[in-house]
Amino acid sequence: MRSLKAPVLDQVHEMLAKGWLSSHVPVLNPFYTRRDEIRVHLGCLMQEIRVIVHPKLCPQVPEELHRGHLGGMRMKALPRRYIWWPGLHKEIEEAARTC
């Protein structure tokens with residue numbers, strides 16, 4: 001299986017292992033603000049009980065939800081229970097609005 005590199009998620013893994021620095025690159029801000037909620041479970045980054053989605057896979061989520069014809073409310077509610085990435089809510093709202 002081919003590995004998907006994600007420098008930001010690699011940095012989050014590193015911060016979890018070594019401790020969060022008070023000064024960091026701005027791209028880590030969404031993770032830093034949730035640093036007390038982020039853990040590694042079986043090699044996966046989790047934000048509380050939600051899986052943190054790899055950046056390359058994020059665009060596919062709204063497409064799949066739209067394809068499932070769940071309706072606007074379920075289309076927004078379902079991913080918010082199980083997955084997270086910076087900007088998730090905005091992207092799901094936009095996908096639901098264009099549905």
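Me: If helices are DSSP runs of H or I with at least four residues and strands are DSSP runs of E with at least two, both numbered from the N terminus, in what order do the elements of this chain run?

Reply: From the N terminus on, the order is α-α-β-β-β-α-α-β-α, and the chain has five helices and four strands. The model is predicted, so local features need pLDDT of at least 70 and side-chain atom pairs count only at pLDDT 80 or more, whereas totals for chains, interfaces and linings use all residues. Residues are numbered from 1 along each chain as its sequence is written, and side-chain values use heavy atoms, with hydrogens and water left out.

Me: What makes α3 oblique to α4?

Reply: The axes of α3 (residues 60-67) and α4 (residues 72-82) come within 10 Å and cross at roughly 135°, where axes are lines fitted to C-alpha atoms over the stretch in contact and angles run from 0 to 180 degrees between N-to-C directions. Angles under 35 degrees count as roughly parallel, over 145 as roughly antiparallel, 65 to 115 as roughly perpendicular and the rest as oblique, and therefore α3 is oblique to α4. The residues that meet are Pro62, Leu65 and His66 in α3 and Met75, Leu78 and Pro79 in α4, with contact meaning heavy atoms within 4.5 Å. By class, the contact of α3 with α4 holds five nonpolar residues, one polar and no charged, given that Ala, Val, Leu, Ile, Met, Phe, Trp, Tyr, Cys and Pro count as nonpolar, Asp, Glu, Lys and Arg as charged, and the others, Gly among them, as polar.

Me: Which term describes how α4 lies relative to α5, and why?

Reply: The pair α4 and α5 (residues 88-97) packs at an angle of about 160°, with axes 9 Å apart, and because of that angle α4 is called roughly antiparallel to α5. On the α4 side the contact involves Gly72, Met75, Lys76, Pro79 and Arg80, and on the α5 side Leu88, His89, Ile92, Glu93, Ala95 and Ala96. These residues divide into six nonpolar, two polar and three charged.

Me: Why is Cys58 called buried, and why is Cys44 called partly exposed?

Reply: Buried means under 20% relative accessible area, exposed means over 50%, and partly exposed lies in between (1.4 Å probe, protein chains only). Cys58 has 6% and is therefore buried, while Cys44, at 39%, is partly exposed. Across the chain, buried residues make up 28% of the 99 residues.

Me: Is Arg50 buried or exposed, and what is it in contact with?

Reply: Arg50 lies in strand β3 and, with a relative accessible area of 15%, it counts as buried. Leaving aside neighbours within four places in sequence, Arg50 is in contact with Leu45, Arg80, Arg81, Tyr82, Ile83 and Trp84.

Me: Where is Leu57, and which accessibility class does it belong to?

Reply: Leu57 sits in the loop between β3 (50-52) and α3, and because its relative accessibility is 35% it counts as partly exposed. The C-alpha atoms of Leu57 and Leu9, which are 48 residues apart along the chain, are separated by 13 Å.
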